[in-house]
Amino acid sequence: MEQFYTSERNVQIVIGLLKAHGIKRIVASPGSTNVTFVGSVQQDPFFEIYSCVDERSASYMAVGIALETGEPCVLSCTGATASRNYFSALTEAFYRKIPILAITSTQEPSKIGNLTPQVIDRSVQPNDIVKISVQAQTVKDKEDEWDVMRKVNQAILELDHHGKGPVHIDLVTRYSNDFSIKELPNVHKIMRYTMESKEFPEIKDFAKIAIYVGSHRPWNKRLTKLVDRFCEVYNAVVFSDTVANYTGKYRMNYTLVNSQREMEKECNNPDLAIHIGDMSDEIGKGGVPKHTWRVSEDGLLSDRFHTLDNVFEMSEENFFDHYTIGKEAVPMTYYEACQKEIQRVYSKLPEIPFSHIWVASKMSKDIPQKSVFHLGILSPLRSWSYFDFDNTIELSCNQGGFGIDGNMSTLVGASQINKSKLYFVVVGDLSFFYDLNVLGNRHIGENIRILLINNSLGAEFHLFKQKNSTYVKGVDRFISAGGHNGCQSPVLVKHIAEDLGFEYLTASSKTEFEHLYKKFVTPTITERPMIFEVFTKVEDENQALYNLWHIVKDTNWKQEMKETIKGVIGDSTVKTIKKFIK
């Protein structure tokens with residue numbers, strides 16, 4: 001029987017990416033655990049393979065090959081203690097910066113620690129034998145395939161990243177005896193560029209180009225000017241996170257548009273996204289781009305959208321400067337189209353019940369200029385993202401770890417640096433009580449304003465958009481943590497605030513809020529810090545979000561959705577569901 005490639009998808013991906021990156025020399029040692037890899041590459045004329053029984057000698061042979069050629073050399077060994085024999089040569093390669101790619105084959109990691117013969121734990125490596133170690137697991141679905149693709153690209157690129165050196169891929173196998181695959185799958189090669197790179201990829205004539213900005217520190221004038229210039233020469237726009245702090249000409253507050261569940265959107269899902277900034281919950285609100293270029297000085301393969309093509313390890317200023325030098329401005333057709341979609345939605349803003357979203361809609365435009373505004377995660381971040389702030393306001397959010405703890409403490413710390421500047425924070429009740437201790441801190445100054453949205457539980461778990469907890473009975477008991485902290489007690493926070501020297505404000509309706517909130521946003525520093533507690537109802541929070549996500553309802557969109565559902569589940573199932581509903 002003629003032999004081709006193994007049926008094991010993860011092994012196919014490794015082989016395909018070795019070819020895509022031009023790595024052809026392999027030193028193979030005998031064994032059964034690496035049969036799917038070796039049995040596949042030995043029939044492919046692209047590879048130049050050498051045999052060596054002793055893995056110690058094999059690894060030193062690879063050192064010699066890499067030294068002589070100046071190119072990476074691959075090692076392949078079986079399970080058990082075979083890989084341990086690579087340590088000496090890999091140590092040599094580490095300190096001499098020699099590019100060796102050690103591929104150690106292994107059984108499923110679930111077998112580790114269960115007395116399975118020839119299974120050892122390779123999850124931790126000595127600090128000075130490889131620059132990076134990844135595991136290419138068995139591929140069971142598209143998510144696994146993307147993960148293996150990204151990690152293998154990452155390992156290969158590390159062979160020549162900040163100097164050359166050895167790397168490690170732990171390649172899982174299930175001992176498939178099927179070698180019938182005649183062609184390797186299309187692998188997605190990722191490239192990394194630095195300022196020392198001889199050539200940069202060209203930006204093709206994409207119809208829709210967007211800059212995706214995650215959470216970001218305040219911008220300097222030069223970077224803002226370069227990004228604006230980039231938009232002008234490539235007909236691009238900027239889809240930015242709420243706390244991206246980009247205030248240039250081409251910012252699109254597209255969050256509300258892309259949240260529409262029944263709208264035909266033409267401007268989302270750009271052909272190319274230039275991804276800058278850090279962790280972000282809102283960054284994907286521009287849709288999933290067809291291609292992504294990541295620009296970050298860390299050079300990491302951060303593939304948020306599973307469409308990463310290139311990583312640019314350089315400053316954002318250097319990137320945008322490189323791609324705009326000598327370029328002429330073009331008509332801003334994409335910008336104009338985005339503006340039309342945004343205007344279409346915001347011109348039809350519905351009535352919103354008294355809720356966090358309503359509070360944000362009223363207060364966002366009145367936050368004093370040049371103040372600092374901290375947002376809690378989830379509801380605060382989402383609710384305020386639909387509305388614009390003054391360009392002089394600095395926005396911040398603890399999106400790095402994305403937990404409910406520490407939002408007020410972060411604000412208190414920041415407020416110490418400039419006592420003449422106002423610092424605001426908005427949090428939900430769970431976050432507020434979680435971080436309550438900081439309110440007694442003796443360093444708290446008069447420049448602090450705390451907005452507390454109190455609905456007596458984690459309202460997030462009651463929203464219609466939730467896919468799991470809304471189907472659970474008694475969600476308040478544990479999932480949304482209802483019943484704690486006084487159950488919207490009208491006096492609990494009041495006593496805490498006043499006893500600790502805060503001025504306390506409270507509202508439970510639109511009328512009460514409108515009567516008081518201007519005092520909370522007064523632009524001058526008052527005699528005491530403030531806590532403004534706003535009581536809302538969970539059902540109103542849910543209704544507000546639903547209203548905002550269903551502003552535009554396109555008939556064609558509904559029909560397309562019906563046809564899509566029928567295509568997936570079939571006409572008979574649709575009829576059965578209709579009968580059940582009746």
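Is Gln-260 buried or exposed, and at what relative accessibility? I would like to start there this morning, with the reminder that what we are looking at is a predicted model. Gln-260 has a relative accessibility of 2%, and because buried means under 20%, it counts as buried. Its place is in the loop between helix H7, residues 255–259, and strand S11, residues 272–276.

Let me stay with that side chain for a moment. The side chain of Gln-260 reaches the backbone oxygen of Leu-548 at 2.8 Å, and it also reaches the backbone nitrogen of Ile-551, at 2.7 Å. If we leave out residues up to four places away in sequence, Gln-260 touches Lys-265, Val-345, Leu-548, Trp-549, His-550, Ile-551 and Val-552.

Gln-125 sits in the loop between S4 and strand S5, the latter being residues 133–136, and with a relative accessible area of 18% Gln-125 is buried. A polar atom of its side chain lies 2.5 Å from the backbone oxygen of Arg-122, and, once neighbours within four places in sequence are set aside, Gln-125 is in contact with Val-130, Ser-133 and His-168.

After H4 comes Lys-97, with a positive phi near 60°.

The next item is a helix pair. Helix H1, residues 9–20, packs with helix H5, residues 142–158, at an angle of about 35°, the two axes being 10 Å apart, and the crossing of H1 and H5 is right-handed. On the H1 side the contact involves Arg-9, Asn-10, Ile-13, Val-14, Leu-17 and Leu-18, and these meet Glu-145, Val-148, Met-149, Val-152, Asn-153 and Ile-156 in H5.

Asn-235 has a positive phi, near 55°; it lies in the loop between helix H6, residues 221–234, and strand S9, residues 236–240, and its relative accessible area of 10% makes Asn-235 buried. Cys-487 also has a positive phi, near 50°; it lies in the loop between strand S17, residues 448–454, and helix H14, residues 492–499, and Cys-487 is partly exposed, with a relative accessible area of 46%.

Let me finish with the chain as a whole. The protein chain has 18 helices and 19 strands, and its C-alpha trace spans about 85 × 65 × 60 Å along the principal axes. Of its 582 residues, 53% count as buried. Taking the contacts in the chain with a separation of 6 or more, 75% of them are accounted for by residues 24 or more positions apart, and that is where I will stop.

Methods: Residues numbered from 1 in each chain as written. Predicted model: local features only at pLDDT ≥ 70, side-chain atom pairs only at ≥ 80, totals over all residues. Heavy atoms only, no water. Helix = DSSP H or I, 4+ residues; strand = E, 2+ residues; numbered from the N terminus. Axes fitted to C-alpha atoms, helices over the stretch in contact; angles between N-to-C directions. Left-handed = near helix turned anticlockwise from the far one by under 90°. Contact = heavy atoms within 4.5 Å. Buried < 20%, exposed > 50% of the residue type's maximum accessible area, 1.4 Å probe, protein only. Polar contact = N/O pair within 3.5 Å; in protein donor to acceptor, adjacent residues only side chain to side chain.
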